[in-house]
Amino acid sequence: MTKEEILIGLLKEQNEDAFEAIYEKYNKLVFLVINNIVQDKEASKELTSDTFMKMYKHISSYDIKRKFSTWLTTIARNTAINYINRDKNKNLVYDEELVNRVEASEEPSENASTIITSTLEGIERDVVKLKIVDNFTYQEISEILNISVSEVFRKYRSGIQKIKSSYKK
């Protein structure tokens with residue numbers, strides 16, 4: 001039996017020292033997984049704590065046949081994605097105002113597609129255009145472009161920020 005398997009056995013018995021040891025071993029990995037998705041260090045710290053609380057609460061469902069780090073990073077990924085989805089509604093209201101401004105541009109010939117194309121490049125342009133002009137969901141865009149939903153969300157937010165910045169100029 002490996003040291004990790006022993007720790008997990010103790011963790012299943014609600015041993016706090018085992019929890020501390022697992023936390024020390026994996027907290028940086030969990031933080032990196034979460035921060036890669038949400039790209040907000042403060043939120044990532046909080047979500048890292050949430051992930052370890054979820055892990056502790058659900059350790060009895062862990063299958064010893066699976067690799068522990070994979071199970072834990074899956075919890076982290078899901079926690080981060082849930083955070084983004086929860087936060088998404090706030091961003092969508094704000095972005096809708098931007099979409100309305102883009103579509104009702106001062107220059108009649110300038111529509112959303114033109115503004116997006118002239119402001120953004122590459123995959124960022126594709127993501128924003130698919131979302132705003134073609135009304136695809138993040139999941140659909142993910143499938144179309146063959147990238148993760150979290151990457152779609154990051155590219156969309158980044159593209160929207162660039163468009164907002166170009167309007168402020």
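Author: A crossing is left-handed if the near helix is turned anticlockwise from the far one by less than a right angle, and right-handed if clockwise. This is a predicted model, where local features need pLDDT of at least 70, side-chain atom pairs count only at pLDDT 80 or more, and totals for chains, interfaces and linings use all residues. Residues are numbered from 1 along each chain as its sequence is written, and side-chain values use heavy atoms, without hydrogens and water.

Reader: How many helices are there in the chain?

Author: Helices here are DSSP runs (H or I, at least four residues), numbered from the N terminus, while strands are E runs of at least two. Along the sequence the pattern reads α-α-α-α-α-α-α-α. With 0 strands, the chain has a helix count of 8.

Reader: What percentage of the 169 residues of the chain count as buried?

Author: Buried means under 20% relative accessible area, exposed over 50%, and partly exposed in between (1.4 Å probe, protein chains only). Among contacts (heavy atoms within 4.5 Å) with a separation of 6 or more, 57% join residues 24 or more positions apart. The buried share of the 169 residues is 38%.

Reader: Is the crossing of α1 and α2 left-handed or right-handed?

Author: Let's start with how α1 (residues 3-12) and α2 (residues 16-38) pack: the angle is about 130 degrees and the axes lie 8 Å apart. The two helices are therefore oblique to each other. Where they meet, L7 and L11 are among the residues of α1, and F19 and I22 among those of α2. The crossing of α1 and α2 is left-handed.

Reader: How many nonpolar residues does the contact of α2 with α3 have?

Author: α2 and α3 pack at about 135 degrees, with axes 8 Å apart. That angle makes α2 oblique to α3, and the crossing is right-handed. The residues that meet include Y26, V30 and F31 in α2 and L47, F52 and M55 in α3. Besides 5 polar and 3 charged residues, the contact has a nonpolar count of 13.

Reader: Which residues does R66 touch, not counting those up to four places away in sequence?

Author: R66 sits in the loop between α3 (41-57) and α4 (68-103). Its relative accessible area is 39%, so R66 is partly exposed. Leaving out residues up to four places away in sequence, R66 touches W71 and T74.

Notes: Axes fitted to C-alpha atoms, helices over the stretch in contact; angles between N-to-C directions. Parallel < 35°, antiparallel > 145°, perpendicular 65-115°, else oblique. Nonpolar A, V, L, I, M, F, W, Y, C, P; charged D, E, K, R; others polar.
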